[in-house]
Amino acid sequence: MDGRILDYFALFMLTVVSITMVYAIIYIHDIPYEIAKKRRHPHQDAIHTAGWVSLFLLHTIWPFLWIWATLYKPGMGWGMGGAAPVAAEQEEESQAAIVKSLEERVALLEKQLEDEKPGPVDSIAKEEV
């Protein structure tokens, strides 16, 4: 009877370890998808599907999925343009400076138009000549 209890215990442990390994492998293959979802990657559905394909291809494309998921950054895009990422505060400051510059130009143009606009007396004088 003692041998049967150990056999059942070994069978139970084998089942638990096997199920744990299957779930661990599936979890590991979803890591690139989770990275893509966190970064709001435009191809996150494709990365998720490719993760499942990689599972059936014995992990051959999984490292490329990891790279693909980590290339995209929300504030920077793909990051291959060579430009340094701009902080949100710097971007807001530069936009505020542009708006202020445009407001000054509009005010200057309006002033020039007012100066050039003939008054009622000027228009009558020009018609008589």
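Leu58 has a relative accessibility of 67% and therefore counts as exposed, where exposed means over 50% relative accessible area, buried under 20%, and partly exposed in between, with a 1.4 Å probe and protein chains only. Leu58 lies in the loop that joins α3 to α4, and its phi, near 60 degrees, is positive although the residue is not glycine. Most residues other than glycine have a negative phi. The model is predicted, so local features need pLDDT of at least 70 and side-chain atom pairs count only at pLDDT 80 or more, while totals for chains, interfaces and linings use all residues. Residues are numbered from 1 along each chain as its sequence is written, and side-chain values use heavy atoms, with hydrogens and water left out.

A second residue of this kind is found earlier in the chain. Arg40 follows α2 and sits in the loop between α2 and α3, the latter spanning residues 44-56. The phi of Arg40 is near 55 degrees, again a positive value in a residue other than glycine. With 60% relative accessibility, Arg40 counts as exposed.

Turning to the chain as a whole, there are 6 helices and 0 strands, taken as DSSP runs numbered from the N terminus (H or I of at least four residues for helices, E of at least two for strands). The order of elements from the N terminus is accordingly written α-α-α-α-α-α. Of the 129 residues in the chain, 12% are buried. The accessible surface amounts to about 10900 Å², with 65% of it belonging to carbon and sulfur atoms; these areas come from the Shrake-Rupley method with a 1.4 Å probe, and for residues only the protein chains shown count as cover. Among contacts with a separation of 6 or more, 53% are between residues 24 or more positions apart, a contact being heavy atoms within 4.5 Å.

Two packed helices are described by the angle between their axes and the distance between the axes. For helix α2 (residues 31-38) and helix α4 (residues 62-71), the angle is about 10 degrees and the axes are 8 Å apart. The axes are lines fitted to C-alpha atoms, for helices over the stretch in contact, and angles run from 0 to 180 degrees between N-to-C directions. On the α2 side the contact involves Ile31, Pro32, Ile35 and Ala36, and on the α4 side Trp62, Leu65, Trp66, Ala69 and Thr70. These residues comprise 8 nonpolar, 1 polar and no charged; Ala, Val, Leu, Ile, Met, Phe, Trp, Tyr, Cys and Pro count as nonpolar, Asp, Glu, Lys and Arg as charged, and the others, Gly among them, as polar.

The buried residues of α2 include Pro32, Tyr33, Ile35 and Ala36. They lie on the same side of α2, because their arc around the axis is only 160 degrees, the arc being that of the directions from the helix axis to the C-beta atoms. In α4, Trp62, Leu65 and Ala69 are buried. Viewed down the axis of α4, these fall within an arc of 50 degrees and so line one face of the helix.

Asp30 counts as partly exposed, at 22% relative accessibility. Leaving aside residues up to four places away in sequence, Asp30 touches His48 and Trp52. Asp30 and Trp52 are 22 residues apart in sequence, with a C-alpha to C-alpha distance of 8.2 Å.
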